[in-house]
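User: Please take a close look at the pairing of charged side chains in this model. A connected account that states its cut-offs would be appreciated.

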Amino acid sequence: AMGCGVIFLLGLGGCVVLGTTCARAIGKTMDGREWGQLKEAVQQLQTDDGAKALYHANPELSQAYPSEEAFLQQAHAWRPKLEPLPPEMPSIFTGKISYNVSVNGGFRKVELGFTNSRGAAIASRWENGRLQMISVD
């Protein structure tokens, strides 16, 4: 009877390990193309020239920031909260990532957020690979 209990516990432990491994794999295999773009955007926000380039490369940002000057003022306010993003997108199971993807008729919309070690919540919205919105709280 004791042998059956040990086998049961080993089997249960295997399921937990396998479940965790599968969950980790699912979190990591999500298409993270926007992660690379977000890393680059956060890097660009660190300098005025980079922030200007980001603003001009993504005209949709003008919906939230009507001028380059307004975007630069916001970038200045964000800089103390920013730090480089990890090289790879963390698993969604870390609690540091929010990731929402919708595809409709070939139109891909992604909302990607990350909370860095300084506690700053970086939020972004991408449509077909183009940055529509970025904010840091």
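Analyst: Glu 83 counts as buried because its relative accessibility is 17%; here buried means under 20% relative accessible area, exposed over 50%, and partly exposed in between, with a 1.4 Å probe and protein chains only. The model is a predicted one, in which local features need pLDDT of at least 70 and side-chain atom pairs count only at pLDDT 80 or more, while totals for chains, interfaces and linings use all residues. Residues are numbered from 1 along each chain as its sequence is written, and side-chain values use heavy atoms, with hydrogens and water left out.

The partner of Glu 83 is Arg 118, and their salt bridge has its closest N and O atoms 3.5 Å apart. This pair links distant parts of the chain, 35 residues apart: Arg 118 lies in the loop between β2 and β3, and Glu 83 in the loop between α4 and β1. A salt bridge requires a side-chain nitrogen of Lys or Arg within 4 Å of a carboxyl oxygen of Asp or Glu. Helices (H or I, at least four residues) and strands (E, at least two) are DSSP runs numbered from the N terminus.

The whole structure holds five salt bridges. One of them joins Arg 79 to Asp 48, with a closest N to O distance of 3.0 Å. It too links distant parts of the chain, since Arg 79 is in the loop between α4 (68-78) and β1 whereas Asp 48 is in helix α3, 31 residues apart. Arg 79 is buried because its relative accessibility is 17%, whereas Asp 48, at 31%, is partly exposed.

Another salt bridge brings together the side chains of Glu 60 and Arg 130, at 3.6 Å from N to O. Glu 60 sits in the loop between α3 and α4 and Arg 130 in strand β4, so this pair links distant parts of the chain, 70 residues apart. Arg 130 has a relative accessible area of 35% and is therefore partly exposed.

The buried residues of α2 include Glu 34, Trp 35 and Leu 38, and their cover includes α3 (48-57), β1 (97-104) and β4 (130-136).

As to confidence, the mean pLDDT (the predictor's confidence in each residue, from 0 to 100) is 85, and 77% of residues reach 70 or more.

Methods: Contact means heavy atoms within 4.5 Å.
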